[in-house]
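Open the model in your viewer and keep the sequence panel in view. We will go from stop to stop, selecting as we go.

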Amino acid sequence: MYDNAANWTCLPDPTKPCTDWGYPAYVINATMTEHVKAGVDFGGTVSEPRDASGHDFLGRSVAPGSLSIWMHHYDNVEFHAGSFQLDGMESLFKGDSVSCGGGTSMYSLYKETDKHKTTVVGGGAKSVSVGGYILGGGHGMLSPDYGLAADNVIEMEVVTPLGDVLIANKGSNNDLYWALLGGGGSTFGVVTRFTIKAHPTPQLQFVTFIAATSPSNPMAADIVTFLASQFPGLNDAGLRGYGFLTMSGFDMGVEGVPKEWSGIAGAFTVVDRSAQYTESLLTKLNNTLLESSNGTGSVTVLPIQTYDTFMEYFDERFDAGNCGVTTLLKSRLLDRRALTHDLDALRAALIAATNVAGMIHFYPLAGKAVHEAANGGRDNSVNPGWRSAYVHALISTSFQPFNRTAEKDTQALLEEAWEPMVQLTPGMGSYINEAAYFEDNPAETFWGDNYERLLQIKRKVDPMDHLSSFSIRSGHAHPIQGPIYSAFRTRSSFGLSRPLHEPRAPHYPRHNPKSLNMPLFGKSNKFKANPPKIRVEKVTVSRSASKPPATSAVKSAVPSSNRSLGSNSARASPKPASLRQESHSPYPSSSDERKRKRAVKTPSARASPAVVERPAFDKDSDAEEDDGWLTLETRKRQRKAREEDSSRQLKNERSFEDGYGKLEYIHAVDVASLECKCVPVMGATEDDVAIELQYPCLGPREKFQLVWAKDKIDAVEASTRIVQLIAENYLNEAEAEPFTNQSAGLIRRLEKASNRNVQDLNGFKAALEEYNRTLLDLVEDGIIAKNLENRHELPRHLVAFILDQIYDRTVAPSVELLSKYENGTDYVYGELLHPFISKILVDDLKMTSKQVMVDLGSGVGNVVLQAALEIGCESFGCEMMENACNMAEAQQKEFEARCVLWGIQPGAVRLERGDFRKNAVITDALKRADVVLVNNKAFTSQLNDDLVRMFLDLKSSCKIVSLKSFVADSSYNINDVGSTILDAEEKTYPEGYVSWTNAGGSYYISTRK
Ligand SMILES: Cc1cc2nc3c(=O)[nH]c(=O)nc-3n(C[C@H](O)[C@H](O)[C@H](O)COP(=O)(O)OP(=O)(O)OC[C@H]3O[C@@H](n4cnc5c(N)ncnc54)[C@H](O)[C@@H]3O)c2cc1C
């Protein structure tokens, strides 16, 4: 790919000298395992290892004078429909998979799997081979949906450096399996066969957009930073692809986009969603950008194109990459924290990098599935940074070949330019397959915590260090230096074998995205964008009538004298308030204490396919859930959107009375401890795993253990989050300072001590102890109680956190009991999730604490508890399923105790058992109800009819929220009682709002006439 990676041997430039400096001494054209083994056996006698060549940016396949095993023709592919027998394991791998030779090109794999209406996670170039690509990790357009390529490998055949031919999978040679997948090519053996999961081919919406402002805008850098900060949310909402970020972009020849611009552009896709969904996602980005930039930035979208299969998309949009470039690059994995936590630091990093490289390649190709794949990364050795990354970012700069001084200067320049980005992303590291070969500390940068184990395995598998190109050597990570064997391939695409008469590939200037492997709008590029100057659509700017720009939270945050962009005052303070960071929390979302396990599904309640998909947090709601997507203004908007309910008393008197030292509740240690087979974290021993945490009350501290297990409470994360929530919500700025101080505050200390690379147990415990004392002092001094007296509402993320704590301790440990329901009867279980309940009760119905809410079919009581906590209203529920009732009872008990712990007075809760048609308490409550909620999607028609009759007793103007309308179409049924007594309005909810499906759907708000 890069001339410099091939030692400038025979460049595709007839004016440059041609030497044999880059060639191996021996080459084996391997097409079967025996060839590879023979090469490995022979290689043991070669004494002077030198270079070869291949596809690799770091030159790992370059070892002049060495023995080279050429895998290019080792490319047989075989599809396995339905199942695959893993070697040495009793169980089958269930699902489609594909086996291929160790030198197979991605394109061959795509072609074969496409024949079976499936595809694999693969890279963005036809010629990249599975070998180096998978062994280094392997990202692609589908990785946010299915994990990295390495996460998808179920088995490999390997010739080890000692000449053994082994099968590596989860059951056989597991250490080798773990090490190969992420440890990097040519380090642990030559893989002769990969077997990889195949996924049903998705439909893709392809979209090219440019989100930009003018470089002369004094806010340009802030706007670019703001755009970058949107990517975790955009990625969560389904946007993935290849972008680039620039402070001073070049003319892209797209109508409507200025010749010079600052912003983020790129070729993206949205997988298995509609074009409308994709468009509304970008509409939302546009609206937010317009608001945040005082109308000076906008998003230009080229027509969205739908591809029915991955193959159709790949064939049209990709080509072989460029070659013949002398370039160095630096890269880094960026997590949510890096992108949203400290926007000043992010801005500085972006400016430093773009000053030198012109642009940053900005690939949102990680996200959810990468975070969760391979058992959260524990099943393989890819850089752990991937497990929290959202964006893989790279910069590159070209220089003249054969000029070592220029190479050194370029290296120094890149290092300096990238340093702020490295500082911004402690512990994240880089992706080995697209990185610098001159990293100071490759062990940590490429493998983080996985390095030590890799090294142990390397010592066992390759005691003589036969395979050692920029990878794990017994002793230390080593930059490129003489591998004896280097599995290399694909001469056809790159420097070494290019015919000399071919014109030399151009040197791309710094500001040109073609300098790496991601050109956007040119010809013969890796990604073909829609041709410029075809129909260009600006996405429609839909502002909600209730929120005109002049009164938006964004603008009102800026003094009117500063609003004029051209004015001096604006220049003196170019950073708009809207772009400033709002919270010290690294978790913009309502993060719960552990990954939520709400697998409960009601198959009968699937959303209709006719439902129009919309982005998760559409702007028609003024109070979206704050989940990280467009977070900067969300909380402000929420606050503005809701009239404060001054009659709500937040303070729970019991929390501050003596005598609550004996409050009974379920401590975290009761559900996540060594006894429950969790493992200690932060190097703690059995004797020092215990910690305690003070809540804003006089009640007893909660007991945790510093342990970890899948789906269990994560004490480190939970305790840090609790400290943050208390600092943010219970204290004023001055009081919160000891917690939030950026350099020495308690939150910072907790984060630092728990950082993956620090793991300072004593430091963590000391910070927690200090927090406990400080908070208790504030409680005893009456400060917390006084602050609560002056507040009348709770932020959504705090409500969600408290409810999740309750659920995690009561429902989650036996959640499977809920799935024992009879489908097609009234005994069906499914939950509305927190954001949906907030949307209904707060945004749609604007409930107040003086009102009454009744949930008919209340399950484990989630809606009832949320209404009581979030609104403070009187809340009733009734449920007939035995298991759900038992859990609801447990939740209510824990709820009452936790409200005391958090110092919050909820509304009165009453949860009834049995048939709500026959329950006197419910009959009575309905007469007083202001809101009746009924998740009737899966109710029988008899039950729905009975409900309508019950609604006859509701008071006028009472609202009924349901998932199926009670009003029949009048043209079919003129005697319909529902339409006689109710006015119904259909609304839609976005994806992620209910437990039984990820899709969005309809719901109805009816008013009793
Ligand atoms: C045009 C282009 C596009 C790219 N796109 C992507 C992308 O979309 N996503 C992504 O993640 N990366 C991408 N990359 C980076 C790519 O993952 C690396 O360059 C990778 O090293 C290529 O692997 P290879 O086998 O093709 O190359 P090679 O240079 O042949 O091999 C790379 C390394 O792997 C070793 N190796 C190769 N085969 C085997 C084997 N069978 N067993 C053991 N070791 C082996 C080699 O010895 C060498 O150390 C791209 C690179 C280029 C040039």
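Residues are numbered from 1 along each chain as its sequence is written, and side-chain values use heavy atoms, without hydrogens or water.

**Confidence**

Colour by pLDDT, the predictor's confidence in each residue, from 0 to 100. The protein averages 79. Select helix H26 (residues 862-871): its mean of 98 is the highest. Helix H16 (residues 553-556) is lowest, at 24. (Helices are DSSP runs of H or I, at least four residues; strands are runs of E, at least two; both are numbered from the N terminus.) Now select 594-641, where pLDDT is below 50. Where pLDDT is low, the predicted coordinates should not be read in detail.

**Cores**

Select Phe704, Tyr771, Met853 and Trp902. They have the most contacts inside the largest nonpolar core, of 93 residues. Such a core joins buried Ala, Val, Leu, Ile, Met, Phe, Trp, Tyr and Cys residues through side-chain atoms within 4.5 Å. Buried means under 20% relative accessible area, exposed over 50%, partly exposed in between (1.4 Å probe, protein chains only). Helix H19 (residues 715-730) gives the most to this core: nine residues. Apart from this core lies another, of 68 residues, including Trp386.

**Two loops**

Go to Ser186, between helix H5 (174-183) and strand S10 (190-197). Its phi is positive, near 45°. Ser186 is buried because its relative accessibility is 10%. Finish at Met682, between strands S22 (679-680) and S23 (690-693). Phi of Met682 is near 55°.

Definitions and conventions
Predicted model: local features only at pLDDT ≥ 70, side-chain atom pairs only at ≥ 80, totals over all residues. Contact = heavy atoms within 4.5 Å.
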